[in-house]
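Subject: Structure handover

Hello,

Please find the structure below. My notes on it follow.

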Amino acid sequence: MLFLWLYMFYSCAGSCAGLTTRGSPAPPRAAPPLLPGEPGEESSLEEQRAAPDAGSPISSFFNGSGTKRLPQAIIIGVKKGGTRALLEFLRVHPDVRAVGAEPHFFDRNYERGLAWYRDLMPRTLEGQITMEKTPSYFVTKEAPARISSMSKGTKLIVVVRDPVTRAISDYTQTLSKKPDIPTFESLTFKNRTTGLIDTSWSAIQIGIYAKHLENWLLYFPMGQILFVSGERLISDPAGELGRVQDFLGLKRIITDKHFYFNKTKGFPCLKKAEGSSKPHCLGKTKGRTHPDIDQEVVQRLRDFYRPFNMKFYQMTGQDFGWD
């Protein structure tokens with residue numbers, strides 16, 4: 001009897017172990033190495049445990065989420081140029097996944113580290129592009145070096161607009177939040193009598209595109225930067241989106257059929273936004289009515305920006321027609 005019991009015990013031990021091995025999930029893979037600049041092993045491992053296995057397409061299929069990746073493309077500028085419109089239009093593409101809010105990582109939150117930045121990103125499947133947009137990057141001196149340090153292959157998109165119109169739009173936005181600010185005219189000049197423009201005012205300074213671009217070209221070749229016309233993004237959104245899709249290596253899926261022109265707002269809207277079957281226009285904060293600006297001041301600004309615009313045209317090989 002004792003021998004029979006021992007025989008059954010050892011037989012079950014071998015077969016049950018095999019059943020357990022076959023029925024249990026495979027042991028977890030070794031955690032991937034830390035990314036350069038990530039703040040410490042403990043927080044990184046915590047993030048890796050939460051993330052699905054990047055090497056397993058079956059895992060991605062069943063959890064339907066994919067993997068969080070650092071962005072391969074960034075809309076780096078410019079403020080009040082049309083960056084929000086471009087991002088919303090691009091998100092219609094099934095192969096583009098983008099952060100909705102502006103992360104401000106490379107200007108305000110860099111000390112938090114790449115792990116923190118990556119955790120903000122949406123999950124993507126193989127073949128999809130991760131994107132973000134923060135318009136202040138273009139005018140942030142440290143941003144080019146920091147993005148290059150993350151990845152020298154990052155594709156950069158800059159939405160530019162007539163710098164005079166852009167400055168007025170910038171002022172209009174500030175005015176809506178602070179109604180008691182000085183007039184546009186008084187902020188434009190250091191001295192109204194001499195006509196000396198105050199380039200320390202950010203609304204003016206942002207529009208000196210050639211100056212900012214020089215800083216980016218120290219770290220990225222021109223072929224890695226796409227310049228989108230804010231004006232053409234309104235008059236021909238499908239045309240500009242075609243250029244962007246080509247630049248990103250995407251199939252041209254976003255076409256004329258995705259847009260309609262809203263006469264009230266004065267710019268194009270999506271017939272169907274991402275994840276919705278309803279038409280979508282940008283919010284109330286977009287398309288504000290600009291205040292009346294003294295035309296003499298407008299002309300002074302046009303004269304001021306002209307040489308910078310000409311240089312910008314030469315640098316980019318594009319004439320944006322602002323003069």
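Five strands form an open sheet in the order 3-5-2-6-9, with parallel pairing. Strand 3 (96-98) and strand 9 (225-229) stand at the edges with a single partner strand each, so one side of each has no neighbour in the sheet. On average, neighbouring strands here are turned by 25° against each other, direction ignored. Two strands pair if DSSP finds at least two bridges between them. Helices (H or I, at least four residues) and strands (E, at least two) are DSSP runs, numbered from the N terminus. Axes are lines fitted to C-alpha atoms, for helices over the stretch in contact, and angles run from 0 to 180 degrees between N-to-C directions.

This is a predicted model: local features need pLDDT of at least 70, side-chain atom pairs count only at pLDDT 80 or more, and totals for chains, interfaces and linings use all residues. Residues are numbered from 1 along each chain as its sequence is written, and side-chain values use heavy atoms, leaving out hydrogens and water.

Within the sheet, look at strand 2 (residues 73-77) and strand 5 (residues 129-133). They run parallel and are joined by three bridges. Ile75 stands opposite Lys133 in strand 5.

Next comes the loop between strand 2 and helix 4 (83-90), where Lys80 lies. Val78 is in the loop between strand 2 and helix 4 too. A cis peptide bond joins Gly77 and Val78, with omega about -5°. Phi of Lys80 is positive, near 60°, in a residue other than glycine. Is Lys80 buried or exposed? At 15% relative accessibility, Lys80 counts as buried. Buried means under 20% relative accessible area, exposed over 50%, and partly exposed in between (1.4 Å probe, protein chains only).

UniProt has entries for this region. Its unreviewed entry places the feature "active site" at Lys80. For "binding site", the unreviewed UniProt entry lists several residues, including Lys80, Gly82, Arg161, Ser169 and His290. UniProt positions are given in the numbering used here, feature names are shortened, and annotations may be inferred rather than shown by experiment.

Two of the listed residues are worth a visit. Gly82 lies in the loop between strand 2 and helix 4. Gly82 is partly exposed, with a relative accessible area of 23%. Leaving aside neighbours within four places in sequence, Gly82 is in contact (heavy atoms within 4.5 Å) with Val159 and Leu233. Ser169 sits in helix 7 (residues 163-177). Ser169 is buried, at a relative accessible area of 8%. Which residues does Ser169 contact, leaving aside its neighbours within four places in sequence? They are Lys80, Arg161 and His290.

His104 also has a positive phi, near 50°, in a residue other than glycine. It is found in the loop between strand 3 and helix 5 (114-120). His104 counts as buried, at 10% relative accessibility.

Now the helices. The axes of helix 10 (residues 209-216) and helix 13 (residues 295-316) come within 8 Å and cross at roughly 35°. Helix 10 contributes Tyr209, Ala210, Leu213 and Glu214 to the contact, and helix 13 contributes Phe308, Lys311, Phe312, Met315 and Thr316. By class, this contact has six nonpolar, one polar and two charged residues. Ala, Val, Leu, Ile, Met, Phe, Trp, Tyr, Cys and Pro count as nonpolar, Asp, Glu, Lys and Arg as charged, and the others, Gly among them, as polar. Six of the eight residues of helix 10 are buried, so it is largely enclosed by the rest of the structure. Those buried are Tyr209, Ala210, His212, Leu213, Asn215 and Trp216.

On to the hairpin. Strand 10 (residues 259-262) and strand 11 (residues 267-270) run antiparallel, joined by four bridges. Asn262 has Phe267 of strand 11 as its bridge partner. Four residues lie between the strands of this hairpin, and Gly266 takes a positive phi near 85°.

Last, the disulfide (a pair of cysteine sulfur atoms within 2.5 Å). The structure holds one. Cys269 and Cys281 form it, with their sulfur atoms 1.8 Å apart. The torsion about the S-S bond is about 100°, so the disulfide is right-handed. Cys269 lies in strand 11 and Cys281 in the loop between strand 11 and helix 13, so the pair ties together parts that are twelve residues apart in sequence. Cys269 and Cys281 are both buried.

Best wishes
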